[in-house]
Amino acid sequence: MSFTVQMPITESTTEMRAAFCEAMLSLAEKDERIFLLDADLMGAMGTKPFAKAYPERTIDCGIQEANMIGVAAGLSAEGKIPFAHTFGVFMSRRVCDQIFISCAYAKQNVKLVGSDPGITAALNGGTHMAFEDLGIMRTIPGVTIVEPTDIAMIRDLVPKIAYHPGVVYLRLVRRTCPVVYGDGSTFEIGKANLLRDGKDVTIIAMGYCVSGALKAAEMLAEEGISARVIDMFTLKPIDREAVIKAAAETGAIVTAENHNIIGGLGSAVAEVIAEDAPAALVRVGIDDRFGIVGLRPFLAEEFGLEAKHIAAAARKAIAKKG
């Protein structure tokens with residue numbers, strides 16, 4: 001694992017879906033076991049170049065998400081490495097039983113890609129905003145959950161996910177994300193990244209909220225508050241050691257996630273500190289609500305996911321530990 005953090009934070013000019021497709025093309029060139037499945041969203045996901053290059057290893061199952069998971073499980077049983085994609089809401093709520101029985105229970109090697117998580121669904125609205133997918137996936141035994149932070153991470157992690165045993169849920173923003181990591185950075189599934197050290201409070205973030213956590217730490221520094229920032233890009237298995245160390249050394253923790261505060265990162269961290277390292281905790285995320293239609297900036301403000309909200313939570317956590 002070797003990474004650099006890019007400061008100041010800027011928006012990428014490359015979309016996450018483009019980086020994903022590039023990584024899949026590179027994988028398929030080297031390994032004929034790589035297959036790509038979709039539920040009539042190849043245009044939305046930007047994976048048509050893969051279909052053009054490898055039509056014999058591309059299956060568009062149509063709007064039949066449950067059937068797609070069955071096909072993926074069958075391919076895995078025949079020794080293939082299938083990546084199956086649909087929107088995060090469909091990859092979790094709609095096909096939960098197929099993932100549980102056909103993939104996880106059957107110990108198949110299936111890679112699930114759920115796109116447009118949380119507020120990044122934007123104008124697709126509340127029906128398409130996956131605020132609960134992490135909670136659903138966390139409860140299925142043996143499932144690994146990864147949410148790449150930016151394009152550098154997705155380029156490094158997609159090949160590792162392909163050869164990571166068992167079911168992996170890749171929670172993926174389709175469009176652009178802020179650049180956090182430098183090109184060529186490498187990562188280890190299950191190992192959190194310490195992006196910034198601090199002694200007063202720890203901000204543990206994942207996905208969309210990582211860049212906001214770094215900005216919040218800068219805001220807090222101007223007030224004399226030293227904030228540690230951790231990127232917990234692997235939700236399951238969570239890096240318990242990183243959480244315990246942060247709790248012991250700072251005594252106050254904030255979690256920040258583009259997901260319901262119930263069942264996701266906040267819940268996972270709460271479980272660790274309750275069992276092994278008591279600390280003050282404040283959770284930033286969707287406060288048990290349904291989604292609404294809007295652009296990302298509006299939704300981030302509406303649901304309290306901006307840097308200012310994370311900074312306010314950090315002040316609250318520090319006060320609680322006092």
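These entries record what I looked up in a predicted model.

**Entry 1: helix α6**

I began with helix α6, which spans residues 96–105, and found Ile99, Cys103 and Ala104 buried. These residues cover an arc of only 80° around the axis, so they lie on the same side of α6. I then turned to the other side of α6, where Asp97 and Tyr105 are exposed. Next I asked what covers the buried residues of α6. The cover includes α4 (65–77), α5 (88–94), β5 (111–115) and α7 (133–138). Just after α6, I noted that lysine 107 takes a positive phi of about 55°.

**Entry 2: salt bridges**

I examined several of them.

Lysine 199 pairs with aspartate 200, at 3.4 Å from N to O. Lysine 199 is exposed, with a relative accessible area of 56%, whereas aspartate 200 counts as buried at 17%.

Arginine 228 forms a salt bridge with glutamate 249, and their closest N and O atoms are 2.8 Å apart. Because arginine 228 lies in strand β11 and glutamate 249 in helix α10, the pair ties together parts that are 21 residues apart in sequence. Arginine 228 is buried, at 6% relative accessible area, and glutamate 249 is partly exposed, at 41%.

Glutamate 302 and arginine 289 also meet in a salt bridge, at 2.8 Å from N to O. Glutamate 302 lies in helix α12 and arginine 289 in the loop between β14 and α12, so the pair ties together parts that are 13 residues apart in sequence. Glutamate 302 is partly exposed, at 34%, and arginine 289 is partly exposed, at 34%.

Finally, I recorded that salt bridges with shared partners join Asp197, Arg228, Lys245 and Glu249 into one network.

Note on methods
Residues numbered from 1 in each chain as written. Predicted model: local features only at pLDDT ≥ 70, side-chain atom pairs only at ≥ 80, totals over all residues. Heavy atoms only, no water. Buried < 20%, exposed > 50% of the residue type's maximum accessible area, 1.4 Å probe, protein only. Helix = DSSP H or I, 4+ residues; strand = E, 2+ residues; numbered from the N terminus. Arc of directions from axis to C-beta. Contact = heavy atoms within 4.5 Å. Salt bridge = Lys/Arg side-chain N within 4 Å of Asp/Glu carboxyl O.
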